[in-house]
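Hi there,

Here is the structure I promised to pass along. Have a look at it first, and then read on for what turned up.

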Amino acid sequence: MVNIRNIEKSETKQVAHLEDMCFPENERASLKTIAYRVSQAPELQLGLFAPTEHTTTLIGHLMATRTSSESVTVDSMSKHEPKGKNVAIHSLSVHPAHRGRGYAKQLIKELQFRCETTVSPKPRIMTLLAHKPLISLYEEVGFKLIGESACKFGGDTWYDMVYEI
Ligand SMILES: CC(C)(COP(=O)(O)OP(=O)(O)OC[C@H]1O[C@@H](n2cnc3c(N)ncnc32)[C@H](O)[C@@H]1OP(=O)(O)O)[C@@H](O)C(=O)NCCC(=O)NCCS
């Protein structure tokens, strides 16, 4: 049975390792950025853990920050604005050996639930950048497609998506 909880400071290297496994170099978050997010916005960093014989292993994560922007910008990726009205999702990763079991959707739903119930102050919207093939994944968990993003992070074409809380 997998378990979702906030990522702890001591787990940032595991998160970086999973990022390396899941993203090309131009899209992955550095150890420094991960450590920043965990220290500044711990309530918005979720890890998905699977039980192993003596411990649990990180097999998925979702990282976000608060932002005053209505869409994800490169700036928001390494900057947490504690008073920002919105939440920007920056990374969603599931270990290749554990994909296709609904874990990505579980992570997003958990953050949506927390933003609706415990994250304070309650955010107004959640926003993310999607590659075209993943638009339907996010639509399945209630995000709406806004259109092609002005953000060209990593030199790629992205689509702005928004979830109203
Ligand atoms: C994208 C990713 C997080 C999906 O994880 P996952 O746990 O396999 O996703 P889920 O099992 O929750 O799948 C949810 C839906 O999305 C679809 N989906 C998942 N990955 C997909 C992909 N690469 N292309 C198209 N559709 C995909 C699934 O088919 C599923 O659809 P269904 O509900 O109709 O069956 C995982 O493939 C990954 O880590 N990829 C590399 C990093 C990445 O691209 N992250 C997203 C951008 S930040």
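Two residues count as being in contact here if their C-beta atoms, placed from the backbone, lie within 7 Å. Please keep in mind that this is a predicted model.

Thr12, Lys13, Val15 and Ala16 in α1 meet a set in α2 made up of Leu31, Ile34, Ala35 and Val38. Sorted by class, the residues of this α1–α2 contact are six nonpolar, one polar and one charged.

How are the two helices arranged? Two packed helices are described by the angle between their axes and the distance between the axes. Helix α1 covers residues 12–22 and helix α2 covers residues 31–40; their axes come within 9 Å and cross at roughly 130°. Angles over 145 degrees would count as roughly antiparallel, and 65 to 115 as roughly perpendicular, so α1 and α2 are oblique to each other. The crossing of α1 and α2 is right-handed.

Next, the ligand. Which residues are the closest to the ligand? They are Val94, Arg99, Ala104, Lys105 and Leu137, out of 17 residues that surround the ligand. Two or more residues of this shell come from each of β4 (86–94), α4 (103–117) and α5 (135–140). Strand β4 gives the most, with four residues. By class, the shell around the ligand holds nine nonpolar residues, together with four polar and four charged ones.

Pro121 sits in the loop between α4 and β5, the latter being residues 125–130.

Finally, the annotation. The UniProt record, an unreviewed entry, lists residues 2–165 as "domain: N-acetyltransferase".

Best wishes

Terms used
Residues numbered from 1 in each chain as written. Predicted model: local features only at pLDDT ≥ 70, side-chain atom pairs only at ≥ 80, totals over all residues. UniProt positions renumbered as here; feature names shortened; annotations may be inferred. Near = placed C-beta within 6 Å. Nonpolar A, V, L, I, M, F, W, Y, C, P; charged D, E, K, R; others polar. Axes fitted to C-alpha atoms, helices over the stretch in contact; angles between N-to-C directions. Parallel < 35°, antiparallel > 145°, perpendicular 65-115°, else oblique. Left-handed = near helix turned anticlockwise from the far one by under 90°.
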